[in-house]
Amino acid sequence: MAERVLPPSGASSKPRRSEAPSRWLSHPPVGPTFARWTAVLLVACGALTVFFPFFWMAVTSLKTVPEIQRVPLQILPDNWLNLANYREVFEREPFGRFLVNSALIASISALSSVVVSSLAGYGFAKFDFPGKSVFFFAIIGIIMVPFQSVVVPLYLWVNRLGLVDTYLGLLAPDLVSVFGVFLMRQTIEAVPGDYIDAARIDGCSEIGIFRRVILPTVKPALATLAIIKFMWAWNHFLWPLVVVSSTRMKVVTLGLTSFTNIYFIEFNLVTAAAVISVLPILIIFLTLQKWVVQAVVMSGLKG
Amino acid sequence: MQRWVRLLLPHTYIDRQRRAGLLFVLPALLYFCLVFLVPLAQSILGSFYFMRPDGVARFVGLRLYNRVLTDPLFWSSVRNTVTLLLISLPATVILGLAVSLGLNRLVSLSWRNTWAVMYFMPFSVSLVAAALVWQWIYDPVYGFANYLFGLVGLLPQRWLQSVELVLPAVAVINVWVRLGFDTMIFLAALQSIPAEYYEAAEIDGANSRQRFFRITLPLLNPQIVMVCILELAFNFQVFDQVYATTQGGPAGASSTVIVLLYETAFKYFRLGDASVMAVFVFVSLLVVTLLQWRFFRKPVEY
């Protein structure tokens, strides 16, 4: 192994361009103290920079218009409890309704995704039937189809079925995701076949095995899928933009854009609305981040 | 044929098992056919038909392709998309790699977790909200970006309203949104590299740069290729960020292919032209991904 990983000792002394800060880039977690503290410092600075827009959004939402237009710029709001912007957001637009719509769409999409994906995952993982691999790779191949390439025909279908501006129309492309089928297949494949055989010998029906043996053992994956799907559905923009025409069917992402226009943008209101739209998902994310990270890593390592 | 008949009328246990398996995957199969495969086929077919306003479609062969592919507006939006891609893809991947290596060096797990979550937070936010907050940061008069520029003595810029800076500015939003995702994937991969490799290398006298380029980077190759493909797809489909802020402006300088597709289809109702663009997006993404997969994915077997 060592021969393959390392260069012959002659080559290692060859001078090399050192454009990378190699001390810092080198891997093992414990290194010289100086290098380690540089890493800590850089990571922390980067993290704070990434975090800054959240902070900026929150403080701006607490400022009045004269405050956000003050020169020189003032970072913190005069009054930390100034919630007038939030009140105005709810007064100007039915933002509560938008939140309910979003929550409804995201929950249904998470639920249906979990049900259909785990059924399909079980079928693909533990059964043998003609065309199995063809079907599986056809589904995986759909990852390659950008949603934007199907949005026009999809809209025409939704229109023909009279589902424009309805919940069903909003949900149509969001009920199952390829990622879900993939995730559930990978997870269920790891469930020992003995469990299933034992249940079968005891006379359990196939649906019974699915409900009583498979689902309880893959609960973590179900949770992961539900959370990630909820987040995706909550954040969708293009499809709602296409399919929603009335104010009462709008979701939060659409509601956000109603505070902007070409001529003047009241950023104190925009940021207040943004906080409202982001907060639920951020709370979910921060409390359940372990699962989200797992989903991302799943999609990353096995993809 | 006989196989399928036996599935419908199962006699044996094996046949019943096969039917059960098929029934389990059937809902997903039907759904994906209806929502992705049929519309995709329709997009492809639709690109050969001219839709009259009264709803009658007329076969026109490649004439719509001819029209779209000779339209300077279309090519300028392709150019914008590619520019955006060329800025944000390398930036995201390199920064993600750097951040994951830095995080991996942290000894304290709880601090590592805290910083990692901060990097990852933008991933959970909708692109619309992200873009609007950044639009406020980019505000030419009261924005924070120009405040910082003023602090270090640079002239204020018009950012999203400037023809030259709008694409880099949008690219920064993309990097901000995607950085945490890439970092997480790299970090997980880094943690799965056995420490023995590094110990062995150190005993053999490899310095830290050699360890990085000869061990870490080759072992991360699958993840790097995959992240590049995902970033490619993400950047090719840029819509929300642009539509919520600049709507493709100023003067079309930030109009991406998808923004153009949306406007062609849902503002001007030229569905045939939009189908041509949809086919273009699909085919180019497919080709680039396959090429990337083919040429950059090296089998890793240590």
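## Reading the model

Residues are numbered from 1 along each chain as its sequence is written, while chains are lettered from A and ligands numbered from 1 in the order in which they are written. As this is a predicted model, local features need pLDDT of at least 70 and side-chain atom pairs count only at pLDDT 80 or more, whereas totals for chains, interfaces and linings use all residues.

## Chain A and its domains

Let us start with chain A, which has 18 helices and zero strands. Helices here are DSSP runs (H or I, at least four residues), strands are runs of E of at least two, and both are numbered from the N terminus. Of the 303 residues in chain A, 42% are buried. A residue is called buried if 20 or more other C-beta atoms lie within 10 Å of its own, exposed if 12 or fewer, and partly exposed in between, with C-beta atoms placed from the backbone. Two residues are in contact if their C-beta atoms, placed from the backbone, lie within 7 Å. Among the contacts in chain A with a separation of 6 or more, 75% join residues 24 or more positions apart.

Chain A is divided into domain 1 (29-88) and domain 2 (89-301), with bounds that come from an automatic or database domain assignment. The C-alpha centres of these two domains of chain A lie 31 Å apart. Where they touch, 12 residues of domain 1 of chain A are in contact with 13 residues of domain 2 of chain A. On the domain 1 side, α4, α5 (65-68) and α6 (84-92) of chain A each give two or more residues, and the largest share, four residues, comes from α6(A).

## Where the chains meet

The two chains meet through 90 residues of chain A and 92 residues of chain B. On the chain A side, helix α4 (residues 33-60) of chain A provides the largest share, 15 residues. That side has 62 nonpolar, 22 polar and six charged residues. In this count Ala, Val, Leu, Ile, Met, Phe, Trp, Tyr, Cys and Pro are nonpolar, Asp, Glu, Lys and Arg are charged, and the others, Gly among them, are polar.

The axes of helix α9 (residues 151-160) of chain A and helix α2 (residues 13-46) of chain B come within 8 Å and cross at roughly 110°. Such axes are lines fitted to C-alpha atoms over the stretch in contact, with angles from 0 to 180 degrees between N-to-C directions. A:Val152, A:Pro153 and A:Leu154 make the contact from α9(A), and B:Val35, B:Pro39, B:Gln42, B:Ser43 and B:Gly46 make it from α2(B). By class, these are five nonpolar, three polar and no charged residues.

## The nonpolar core

A nonpolar core is a set of buried Ala, Val, Leu, Ile, Met, Phe, Trp, Tyr and Cys residues joined through C-beta atoms within 7 Å. The largest one has 166 residues, and those with the most contacts inside it are A:Ala273, A:Ala274, B:Ala130 and B:Leu132. Helix α8 (residues 166-191) of chain B gives the most to this core, with 17 residues.

Leaving aside its neighbours within four places in sequence, B:Leu132 is in contact with A:Leu256, A:Thr260, A:Val270, A:Ala274, B:Ala244 and B:Thr245. B:Leu132 is also one of the buried residues of α6(B). Helix α6 (residues 127-137) of chain B is largely enclosed by the rest of the structure, because 11 of its 11 residues are buried.

## Some residues of chain B

B:Met51 sits in strand β1 (residues 49-51) of chain B. B:Met51 is partly exposed, with 19 other C-beta atoms within 10 Å.

B:Gln247 is found between α11 (240-245) and α12 (257-266) of chain B, and its phi is near 55°, a positive value in a residue other than glycine. B:Phe269 lies in the loop between α12 and α13 (271-296) of chain B; its phi is near 55° too, and this residue is exposed, with 11 other C-beta atoms within 10 Å.
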